[in-house]
Amino acid sequence: MDCRPGCGACCIAPSIASPLPGMPGGKPAGVPCAHLTPDYRCELFGRPERPAFCGGLRPSREMCGEDRQAALAWLAWLETTTHPAQQADQVPQKVRNSAMNSPDAGSA
Ligand code: SF4
Ligand code: SF4
């Protein structure tokens with residue numbers, strides 16, 4: 001499947017451990033990436049500074065779901081599952097806050 005225009009969920013919900021321009025400590029979970037443009041595209045797309053993590057994420061029915069909210073929820077769940085040290089009840093709240101502060105997203 002293709003990336004859904006106006007989504008950007010995978011640029012918000014997951015954490016990114018590696019540093020990226022403007023985010024030297026990586027990207028925390030639930031925080032929009034500094035390189036997610038207002039129309040939910042990646043301003044680092046095709047550039048070497050784009051983290052390998054991002055290049056490895058491919059649109060899939062499982063991750064992207066039926067809509068942006070489903071993708072945010074699934075990715076937040078994955079984050080808490082793969083990072084058990086995080087407080088599970090905080091990530092969904094962060095994601096909800098991010099979703100409320102942004103229209104719709106897309107990662108490429
Ligand atoms: S979750 Fe990421 S890959 Fe999937 S539709 Fe949204 S922006 Fe595209
Ligand atoms: S794809 Fe681009 S905007 Fe999205 S998290 Fe990666 S660097 Fe940030």
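Trainee: Which residues of the largest nonpolar core touch the most other members?

Mentor: A nonpolar core is a set of buried Ala, Val, Leu, Ile, Met, Phe, Trp, Tyr and Cys residues joined through C-beta atoms within 7 Å. A residue is buried if 20 or more other C-beta atoms lie within 10 Å of its own, exposed if 12 or fewer, and partly exposed in between, with C-beta atoms placed from the backbone. Here the largest core has 15 residues, of which Ala9, Cys10, Ala13, Ala71, Leu72 and Leu75 touch the most other members. Helix α3 gives the most to this core, with four residues. This is a predicted model, in which local features need pLDDT of at least 70, side-chain atom pairs count only at pLDDT 80 or more, and totals for chains, interfaces and linings use all residues. Residues are numbered from 1 along each chain as its sequence is written, and chains are lettered from A and ligands numbered from 1 in the order in which they are written.

Trainee: How many helices and strands does the protein chain have?

Mentor: Helices (H or I, at least four residues) and strands (E, at least two) are DSSP runs, numbered from the N terminus. The protein chain has four helices and zero strands. Of its 108 residues, 29% count as buried.

Trainee: Which residues of α3 are buried, and where do they sit around the axis?

Mentor: An α-helix has 3.6 residues a turn, so residues three or four places apart point the same way. In α3 the buried residues are Arg68, Ala71, Leu72, Leu75, Ala76 and Glu79. They cover an arc of only 130° around the axis, so they are on the same side of α3; the arc is that of the directions from the helix axis to the C-beta atoms.

Trainee: Why does Arg68 count as buried?

Mentor: Arg68 counts as buried because 22 other C-beta atoms lie within 10 Å. Arg68 and Ala9 are 59 residues apart in sequence, yet 6.3 Å apart in space, C-alpha to C-alpha.

Trainee: Which residues come nearest to ligand 2?

Mentor: A residue is near a molecule if its C-beta atom, placed from the backbone, lies within 6 Å of it. Of the 11 residues around ligand 2, Cys11, Cys33, His35, Cys42 and Cys54 come nearest. Cys42 is in the segment before α1 (52-56) and counts as partly exposed, with 19 C-beta neighbours inside 10 Å. Cys42 and Cys11 are 31 residues apart in sequence and 8.4 Å apart in space, C-alpha to C-alpha.

Trainee: What is the phi of Tyr40, and is Tyr40 buried or exposed?

Mentor: Tyr40 has a positive phi of about 60° although it is not a glycine. Tyr40 lies in the segment before α1 and is buried, with 24 other C-beta atoms within 10 Å.
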